[in-house]
Amino acid sequence: MFKRVMEKLQRSPIESDLKPFKRTLTQIDSFSDTLKSLCDDELKAQLQLLCAAISSPVNTLTQAKIFAFVSEVSSRLLGMRPFDSQMLAGLALHDGFIVDMKTGEGKTLAAAAPVIVNALAGHKVHVLTFNDYLAKRDSHFLTPLYQFFDLSVGVIQEGMSTEQRKKSHACNIVFATAREVGFDYLRDQLVHYAHQKVLSGLDVAIVDEADSILIDEARIPLVISGDVHQNNHQLAKIAKVIKQLDKDDDYATDELSTSVHLTESGSGKIEQEFDCENLFDIDNLSLLTSVNLALHVEVLLIKDIDYIIKDNCIKLIDEFTGRIAEKRRWPDGMQSALESKESLPVKMDGQTLGSITLQHLMSLFNKVSGMTGTAVLAAQEFHQLYQLK
């Protein structure tokens, strides 16, 4: 396997980037041979000596030794020894690259060594995955390996209490979705005292499914809201009037059906129903806003595609995962308009208290790397958005 990896690297178009990794890979292979003959107690003793000498930044020789230990411990505890190709991927991750690895090529295990190197050097490491299931699965699989290196592991799941989140974020290694970390960051901005914060730092991030998290969702804002009062009777009336509009004469959508607006005929009907001379007058701004929201949810939001009704409540469907997005509401009056459309009890609407895009969130980390099966195809976007190679 090592020979085949070396031959593949010789043909690589980015040979200059890979030369230092090739040298380190050779060192790892050499160190690994010396560890195989040690019993568990001897292996632990040698590891403790190595860890006692670690400082940040970790030099190449120490990095190679840690990778060798990861290989041997993984073989003993997990029954899986990383291939040289996985070690190469780990070295690239540690150096801040986006690594192209297809499904089935062992991304989970490939990330273990760079996670351990960073954590042993005193860095907080967030392993960011695409959904809660993957975060829980990967943390459960790798926890025995991390614990052998005396590293604590936390996992963040949707629905956790503040204390549970704080405890998990305090660990050396944290598995979570990028969204959950983003919402924790936003909530931390709203607390009154430092001890109420749950995040204990954003230092190193290793991102699985990097194309989905860093590119597809990069500019979609995460929003945290508070409650505001509203006129529910007015909303119900507006929803009823909108349903009576003629789709051919009273409103029009754009070519891709991503926006909708009233025609002159539709505006006239609204003005007649609400007894206002000019719907677009500054004094009627609140009414115009509510009408536009009601029109948007009536025409553009489709039941059982964009949302479902469950337990007499609107439940949003995440456009990327197809799953129900619990505890998430559309902001700025749209949720209330949707509840009125479906003749459901209108809850207090949300006022935006804070928002952040995943692109901005990732810029808060000191070092970011990631893995995806489309790294090469998306190379230009990774460089433009994050200056990642």
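I began with handedness, for which I took a crossing as left-handed if the near helix is turned anticlockwise from the far one by less than a right angle, and as right-handed if clockwise. The model is predicted, so I noted that local features need pLDDT of at least 70 and side-chain atom pairs pLDDT 80 or more, while totals for chains, interfaces and linings use all residues. Residues are numbered from 1 along each chain as its sequence is written, and side-chain values use heavy atoms, with hydrogens and water left out.

Entry on helix 7 and helix 8.
I looked up the crossing of helix 7 and helix 8, and it is right-handed. The contact (heavy atoms within 4.5 Å) is made by Ala112, Val115 and Ile116 of helix 7 with Leu142, Leu145 and Tyr146 of helix 8. I sorted these residues by class, with Ala, Val, Leu, Ile, Met, Phe, Trp, Tyr, Cys and Pro as nonpolar, Asp, Glu, Lys and Arg as charged, and the others, Gly among them, as polar; the contact divides into 6 nonpolar, no polar and no charged.

Entry on Ile116.
I then followed Ile116, which lies in helix 7, and found it buried at 0% relative accessibility, where buried means under 20% relative accessible area, exposed over 50% and partly exposed in between, for a 1.4 Å probe and protein chains only. Leaving out residues up to four places away in sequence, Ile116 touches Ile66, Val70, Leu145, Tyr146, Phe149 and Leu151.

Entry on helix 4 and helix 5.
I found that helix 4 (residues 60-77) and helix 5 (residues 84-94) pack at about 135°, with their axes 12 Å apart, which makes helix 4 oblique to helix 5. Helix 4 passes helix 5 in a right-handed crossing. Gln63, Phe67 and Ser71 in helix 4 meet Met87, Gly90, Leu91 and His94 in helix 5, and by class this contact has 3 nonpolar, 4 polar and no charged residues.

Entry on the cysteines.
I searched for disulfides, taken as pairs of cysteine sulfur atoms within 2.5 Å, and the count comes to 0. Cys51 is in no disulfide, and the nearest cysteine sulfur, that of Cys39, is 17 Å away. Cys51 is partly exposed at 25% relative accessible area, whereas Cys171 counts as buried at 13%. The sulfur of Cys171 is 18 Å from the closest cysteine sulfur, in Cys51, too far for a bond.

Note on methods: Helix = DSSP H or I, 4+ residues; strand = E, 2+ residues; numbered from the N terminus. Axes fitted to C-alpha atoms, helices over the stretch in contact; angles between N-to-C directions. Parallel < 35°, antiparallel > 145°, perpendicular 65-115°, else oblique.
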